[in-house]
Amino acid sequence: MFSPINKRSGWHLLVPAVLLSCLSGLPFQTSAQVQVPKDTVVSTSIVEPVKKAWYDKISLRGYVQIRYNRFLETNSSLRTDYDKSVGDKGGFLIRRARLVFSGNVHERVYIYIQPDLASTPAGSSTIHFAQIRDAYMDLALDKKKEYRLRIGQSKIPYGFENLQSSQNRLTLDRNDAFNSAIPNERDLGVMFYWAPDHIRKRFSELANGQLKGSGDYGVFGLGVYNGQTANRQEANNNQHVVARVSYPIAFANGQIVEPGVQGYTGLYTVTSDQLSSSAIKGGDFRDQRAAASIVLYPQPFGFQAEYNIGKGPEFDPASGTIKTKSLKGGYAQAMYHWKLGNQHLIPFVKAQYYEGGKKTETDARFNRVYETEVGLEWQPIPNFELLTQYTITDRTLREGKALNNRQNGQLLRLQAQLNF
């Protein structure tokens, strides 16, 4: 059986001797009683760990949002581009049905794939198509993962609310002033992000349903992307460039304030399918903006505000053409986080203003928006949220087929959200 090779190394052989004795039914013998043939080889190699299967590396989560917008409606002609169920013939709508596949497939490679199962193509009366929202990988350039390259279709680091997940955001829709810069918030390109390890952990802690964080987009971000927005082919030979600096400052009393500045520049092509008639010409237009953000996380009182200025394509009613024109706008939002036992209540009020073109809409139509939203988010359990929001809005649109379409009204909007 087993015996020590020498006096110094013999003790590590007692355990195999005991195990073998138990399995064979023979009484245990000490090393002094056991003899090992001279040609016996005693192995001291370590068994290699079993490699993880793909399903041990990839996690699955998601959320579903179901809306109804017609309560207390005062103007059925009022429409919005962000929610097709607002206004006449609008009913219940699955606004989002997202699945998120993510995980570290290598110690330095992280993947993130998010399809939306409730997308609707522009101009289609058939709803609930599947469409890619995110499909990217993060390549860590150092062991601490403080320096990263994000390659693929992902959110463009412009604006705090644009970067917030719709799963965490309080208001039902993003503000017009920033979302008109990058509708769907995403595009295809390469981003570089940097943040110290302890700040990355802080971003992660803030990105939850109560603190309403935006996620980890670095203290500094710099990227190059197509510029035609998500799921649209590039239409010119110019790429957009974006840069952002944002830092969450933690105070001794636990409050966290995050100021930020950002900007982008590039050429946007208004393509023929975005024009209402052949009399209006599309083409390449300068598309650039700069913005400032400030966020006080709700502990319990919270506040966020953003404002941007810039220029982009916009329909000009006087000439009936699209021109590069100035734009401006932003929003301010206050909120308060109440915790009642295991339940969370967050009342909020938000006011927004925007004046300028929306490059992805028909004829890069002009928009003037004044809107106030008052609401309450109730989360009785982690897997369910109910949002009630009363909206007071005044919207003026100008495009080739409607030179001065002004609609105002009020409505009560409801959303049930399932988290899993």
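The chain has five helices and 18 strands. The model is a predicted one, and its mean pLDDT is 90, with 88% of the residues reaching 70 or more. Residues 1-34 are a stretch to read with care: pLDDT stays under 50 there, and the model has 30 contacts beyond four places in sequence for this stretch.

Of the 420 residues in the chain, 47% are buried. The accessible surface comes to about 21,000 Å², and carbon and sulfur atoms account for 60% of this area. Among contacts between residues at least 6 apart in sequence, 60% join residues at least 24 apart.

The largest nonpolar core has 17 residues, and the members that touch the most others are Ile156, Tyr158, Ile182, Met191, Tyr225, Val242 and Tyr264. Helix α4 (176-179) and strand β6 (186-194) are the elements that give two or more residues to this core. A second, separate core is made up of eight residues, including Tyr268, Val270, Leu275 and Ala364. With its neighbours within four places in sequence left aside, Ile156 is in contact with Leu163, Ile182, Glu185, Arg186, Asp187, Met191, Tyr225 and Val242.

Ile294, Phe301, Phe303, Tyr336, Trp338 and Leu340 form a nonpolar patch on the surface, and together they have about 550 Å² of accessible area. Strands β12 (301-316) and β14 (338-340) each supply at least two residues of this patch. Phe301, one of the patch residues, is placed in strand β12. Phe301 counts as partly exposed because its relative accessibility is 39%, a value that falls between the 20% and 50% cut-offs.

Across the whole structure, a search finds 31 salt bridges. One of them pairs Arg395 with Asp176, whose closest N and O atoms are 3.0 Å apart. This pair links distant parts of the chain, since Arg395 lies in strand β17 (residues 384-399) and Asp176 in helix α4, 219 residues apart. Are these two partners buried or exposed? Arg395 is buried, because its relative accessible area is 9%, and Asp176 is buried too, with a value of 1%; the limit for this class is under 20%.

The side chains of Lys201 and Asp197 meet at 3.4 Å, N to O. Both residues lie in helix α5 (residues 197-206), four residues apart, which is about one turn of the helix. Lys201 counts as partly exposed at 49% relative accessibility, and Asp197 belongs to this class as well, at 28%.

Elsewhere, salt bridges that share partners join Asp176, Lys358, Glu361, Arg365, Glu371, Arg395 and Glu399 into one network.

Technical notes
Residues are numbered from 1 along each chain as its sequence is written. This is a predicted model: local features need pLDDT of at least 70, side-chain atom pairs count only at pLDDT 80 or more; totals for chains, interfaces and linings use all residues. Side-chain values use heavy atoms; hydrogens and water are left out. Patches are made of residues with over 30% relative accessible area and no salt bridge: like charges are joined within 9 Å, nonpolar side chains (Val, Leu, Ile, Met, Phe, Trp, Tyr) within 5 Å. Accessible areas come from the Shrake-Rupley method with a 1.4 Å probe; for residues, only the protein chains shown count as cover. A salt bridge is a side-chain nitrogen of Lys or Arg within 4 Å of a carboxyl oxygen of Asp or Glu. Buried means under 20% relative accessible area, exposed over 50%, partly exposed in between (1.4 Å probe, protein chains only). A nonpolar core is a set of buried Ala, Val, Leu, Ile, Met, Phe, Trp, Tyr and Cys residues joined through side-chain atoms within 4.5 Å. Contact means heavy atoms within 4.5 Å. pLDDT is the predictor's confidence in each residue, from 0 to 100.
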